[in-house]
Each structure stands twice: as structure tokens, then as C-alpha cells.
Amino acid sequence: MSSKFICLRSARLAARYPCHRRTFASAASSRDAVRIVEVGPRDGLQNEKKAIPVATKIELVERLARTGLRTIEAGSFVSPKWTPQMANSSEILEHVLRSTPQSSVPITYQWLLPNVKGFDSFLKMWNAQSSTAQDAYPTPPPSPGPDDGPALNISSEDPNAMPSATSGAEAMGKERASCSAGGPVHEISIFTAATESFTQKNTNCSIAESLKRFEPIMSKAKEMDLKVRAYISVALGCPYEGPDVDPHKVAELAVNLLEMGADEISVADTTGMGTAPKTAELLKTLNAAGIDKHDLALHFHDTYGMALVNSVVALEHGIRTFDAAVGGLGGCPYSPGATGNVATEDLVHLFHSLGMKTGVNMEELSEIGEWISAELGRSNESSAGKATLAQMRK
């Protein structure tokens, strides 16, 4: 990435993001806080071979909502042909909309999708549920405000499907994807990758083509005041192109996504190939490209046991949002050999040991990790979770 290119991109980002009046805080600061995005219900389950009952998935979301987590990735609206485990995400969404999981804190639910066509299905369900809600009253209720009603019903579609002719966002107008005061907020996530080989395997298109697909999604999301998270997969190693992914390509892709309208970039070590030096180099490159650390999240897999080490490196570079999956669930169907995400319990224990705040109840989280592992017939991969349970049962 040339210096001229960096300067131009940095100037655009500076105009888009006013200067943050925040000071750098060390990892040991007791005043610091970390946001954890729980990806267990989506990224943690998508690679399981045995079909998981939708009731189990809903119970997982319900349990996680009671732990103090503020962000839960609850499902994925991708083609069931490619990711059959996510075929019933619409049922999970419907449950969340109709029977909001109990929680002590406001929760944001995220839903991963590959294209914009599902917005038409969203509109149909949104309008249907609005009509149902009105019919339930003996007298006409007040007209719904911009924050009323459920949001984000994205139907499962083929990754190659093109946007339909009907503009869901135009029909919806400025309706927000958040519920009434105190209710959950819904966001969408999109995904691309840092290498051409992985992008072709994962979405059957090039990186440039994936960005083109995102344009109508971004446009409609902004009309709906709906936040968009963008994943960049294999940022620290690719199963097809090797461990040395160019950090400048990751930075260029991140800048493009932010300029398109993404609200947050989750940089993913999908293969778990990342090391402390490579993580530091990537974060320095992202910073040099003018990317604000507050717009970044780190998504580590623990294939080589480096996820916690890399998390500490990220903390030292000012990152305060991390993805994790309870019980260390996960893997990637397009990354042979990749193991699960870093366990949420391990990450919470790490942050708490550094004097940082997560707002998450470690004991409740550990019990969930044990429960879902048993439900799936797999071992609990969280060391901290198992140790916490042992202490609780003395």
C-alpha cells in the first residue's frame, strides 16, 4: 500500500470519524472494559455434522442472554445447501422477536447473511407481525414509531443470488431494526476474505465481486438505520495460500469496507495460524492505514493454542472487542483442520485476571459450556470453564 494511498484513505476516514477523545489504556487498567461478541450459536455450531434440534439452539441463546453478554451472533441466513446446520436460523430469529430472551442488560443480536435478496422476506414478515400485533388489541393501537416492531428476518438464499427487483428498504422506509425502549437490537453481518482462494471456496466469487455484492446491502442497511458488521476471514493465514497473508491487503480491504458503510470490522484468524508477531504486524498495518482501533474486533481460533496470546497482543494495541464461542465451539467448513473459536470462558478469565471488566458471569458461562458440549456429544474445550466448575463443586 503506497504512502499516497494511505494518506488519501486516512483523510477520508478522518472525515468520516471525528477524533476520539480517548486515551490509551494498558491491559492492566481496572477501569478498562472489553466487549465480547458471543459467536457460539452461529460460528460455533455451523460446522457440526449431526443435526442440532432448533430447541437446543434456542435454549443456547436463551442461556447466553442471562450471563451478562451484550452481543450474541444468533444465526446465519446462508444457503442450507452449503451450511445445513444454519437452515433453521429463521426459527431462532422468530423466537427472539416474539419471545425476547430474558437478560439483565440490553442485547444486540447479529445475523450473518451473504446477499440482499432476503430483505424482501424480511419485509413480508415484519408487516405480517405488525398486522398481528394490531389485531391483538380490542381498540386500534397507536401508529408504530420508528423504533417499534421486530427486525431482520433474512431468508436463506444461495450465496450467488442477485438482489431481487423489489426494494425492501424503500418499502420499509426509515424503520429501525431495534425494538421498543429496552428491547433487543438487531444487526447484520457480511463476510469476505483476505485471499482470493478462500473467497472463491467460501462464497464462489472473487474479493472484488464480494464487495460489489455488499453495495446494495450497505445502502439498504443505512436506509433502515441498521448497523453492519463485516468479517475479513483468513487474515492471519489461509488454508489454500499459506500462513503469510499480506497485512496490507487486509488493511486495504478493511478500509474499503468502512468506506462502503461497515460499522465494525471483525478481523478473523480463521485457521488459527496467527502468532504474536504476526498479530502485532497486522494491527500496526491497520493503524497505519488510518483504521480506528475502536472500529475493529479480533476473531481468533485456537488451532495452535495461540488465541489467548494473540488476544493479549491485541489488547496492548488498544483492541477492546473480541469474538469468542462458549465451550470453544466451532471450526470452519472451508478451512480444513481449523479447530474451534477461542473459548468465551477462557477469554473472560483472561480479561478478569488483568483487572478488566466484561460484565459476564463466569460461573453461569462455564455451566453453559459444559451443557452445550454434552448436548453436542463433544468435549468441553474451555480450560478455565472446567476449572471454574471444579471450584464451584468442591
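Predicted model: local features only at pLDDT ≥ 70, side-chain atom pairs only at ≥ 80, totals over all residues.
A helix crossing is called right-handed if the near helix is turned clockwise from the far one by less than a right angle. The protein chain holds 14 helices and 8 strands.

**The chain overall**
- The protein chain has 394 residues, and 56% of them count as buried.
- Among contacts with a separation of 6 or more in the protein chain, 81% come from residues 24 or more positions apart.

**Helices H11 and H12**
- Helix H11 spans residues 307-316 and helix H12 spans residues 344-353; their axes come within 11 Å and cross at roughly 45°.
- H11 and H12 are therefore oblique to each other, and H11 passes H12 in a right-handed crossing.
- On the H11 side, Leu308, Ser311, Val312 and Leu315 take part, meeting Asp346, Leu347, Leu350 and Phe351 of H12.
- By type, the residues of this contact between H11 and H12 are 6 nonpolar, 1 polar and 1 charged.

**Helices H3 and H13**
- Helix H3 (residues 54-65) packs with helix H13 (residues 362-376) at an angle of about 170°, and their axes are 10 Å apart.
- An angle over 145 degrees counts as roughly antiparallel, so H3 is roughly antiparallel to H13.
- H3 contributes Thr56, Glu59, Leu60, Arg63 and Leu64 to the contact, while H13 contributes Leu365, Ile368, Trp371, Ile372 and Glu375.
- The contact of H3 with H13 is made up of 6 nonpolar, 1 polar and 3 charged residues.

Conventions
Residues numbered from 1 in each chain as written. Heavy atoms only, no water. Axes fitted to C-alpha atoms, helices over the stretch in contact; angles between N-to-C directions. Helix = DSSP H or I, 4+ residues; strand = E, 2+ residues; numbered from the N terminus. Parallel < 35°, antiparallel > 145°, perpendicular 65-115°, else oblique. Contact = heavy atoms within 4.5 Å. Nonpolar A, V, L, I, M, F, W, Y, C, P; charged D, E, K, R; others polar. Buried < 20%, exposed > 50% of the residue type's maximum accessible area, 1.4 Å probe, protein only.
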